[in-house]
Amino acid sequence: MERGYGVRAQRVVEAGLYATALLGGDLGPAYVAFAMMLVQAVLTPLASPVALVWALFQRQPPADQLGNLYFDLAGSRGATAVSCVVQLAAFALIQRAGMPTLGRVLLAVPCASCILAATVGFCAGCGFYVLGRDLLVRAGLLRGVPEGACDVRLERDQL
């Protein structure tokens, strides 16, 4: 994950809150996790409460790695926004639409994504954000990368 172990700890805490809500039957912990995600989506992904506390104890920032070259703060914000939309839909299904089972299954998606993000670095919200952004670029509603921009240029004779 792009900002080190603090964000991994943030995702573990959020996953724990979702799991507690799903297993305990009380949505209170899920609302806390939702509030933490909402802050990251609306303000900035850098406002991860657990990651900020972690940063107090880890004074030295992690060394730059190859993955940091491609860090996209908008992607983190978009992923948390996608997660917030999924959670709102789950809350509506549980409390308003009378479909608590479907709502809990939907609420399990951000829980699983947080676990996967903390352990293997895969975030479902990031995947959906990138997919949505690419579809909007292809539809001409967003501007993509400048024409001809690429990470590595391969010549035909090198293949």
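These are my notebook entries on a predicted model of one protein chain.

**Ground rules.** I number residues from 1 along each chain as its sequence is written, and side-chain values use heavy atoms, with hydrogens and water left out.

**Entry 1, overall make-up.** I looked up the elements and found 6 helices and 0 strands. From the N terminus the order reads α-α-α-α-α-α. Helices (H or I, at least four residues) and strands (E, at least two) are DSSP runs, numbered from the N terminus. I then looked up burial: 30% of the 159 residues count as buried. Buried means under 20% relative accessible area, exposed over 50%, and partly exposed in between, with a 1.4 Å probe and protein chains only. The chain exposes about 10,300 Å², and 66% of that comes from carbon and sulfur atoms. Such areas come from the Shrake-Rupley method with a 1.4 Å probe; for residues, only the protein chains shown count as cover. For contacts (heavy atoms within 4.5 Å), I took pairs at least 6 apart in sequence, and 66% of these join residues at least 24 apart.

I checked the length of α1: its 20 residues reach 28 Å from first C-alpha to last, close to the 28 Å expected at 1.5 Å a residue. The expected span is 1.5 Å times one less than the number of residues. Its buried residues include G6, V7, A9, L17 and A21. After α1 comes G25, with a positive phi near 85 degrees.

How many salt bridges does a search of the whole structure find? The search gives 1. A salt bridge here is a side-chain nitrogen of Lys or Arg within 4 Å of a carboxyl oxygen of Asp or Glu. The partners are R11 and E14, at 2.7 Å from N to O. Both sit in α1 (residues 5–24), 3 residues apart, about one turn of the helix. I noted that E14 counts as buried because its relative accessibility is 0%. R11 has 10%, so R11 is buried too.

Which residues of the largest nonpolar core touch the most other members? Among its 18 residues, they are Y18, A30, F91 and L107. Helices α1, α2, α4 (73–95) and α5 (100–119) each supply at least two residues of this core, and α2 gives the most, with 6. A nonpolar core is a set of buried Ala, Val, Leu, Ile, Met, Phe, Trp, Tyr and Cys residues joined through side-chain atoms within 4.5 Å. I listed the neighbours of L107, leaving out residues up to four places away in sequence: Y18, L22, L27, A30, Q87, A90 and F91.

I found a nonpolar patch of L38, V39, V42 and L43, with about 340 Å² of accessible area together. Patches take residues with over 30% relative accessible area and no salt bridge, joining like charges within 9 Å and nonpolar side chains (Val, Leu, Ile, Met, Phe, Trp, Tyr) within 5 Å. L38 lies in α2 (residues 28–42) and is partly exposed, because its relative accessible area is 35%. L43 is in the loop between α2 and α3 (49–57). At 57%, L43 counts as exposed. Leaving out residues up to four places away in sequence, L43 touches L38 and R77.

Definitions and conventions. Predicted model: local features only at pLDDT ≥ 70, side-chain atom pairs only at ≥ 80, totals over all residues.
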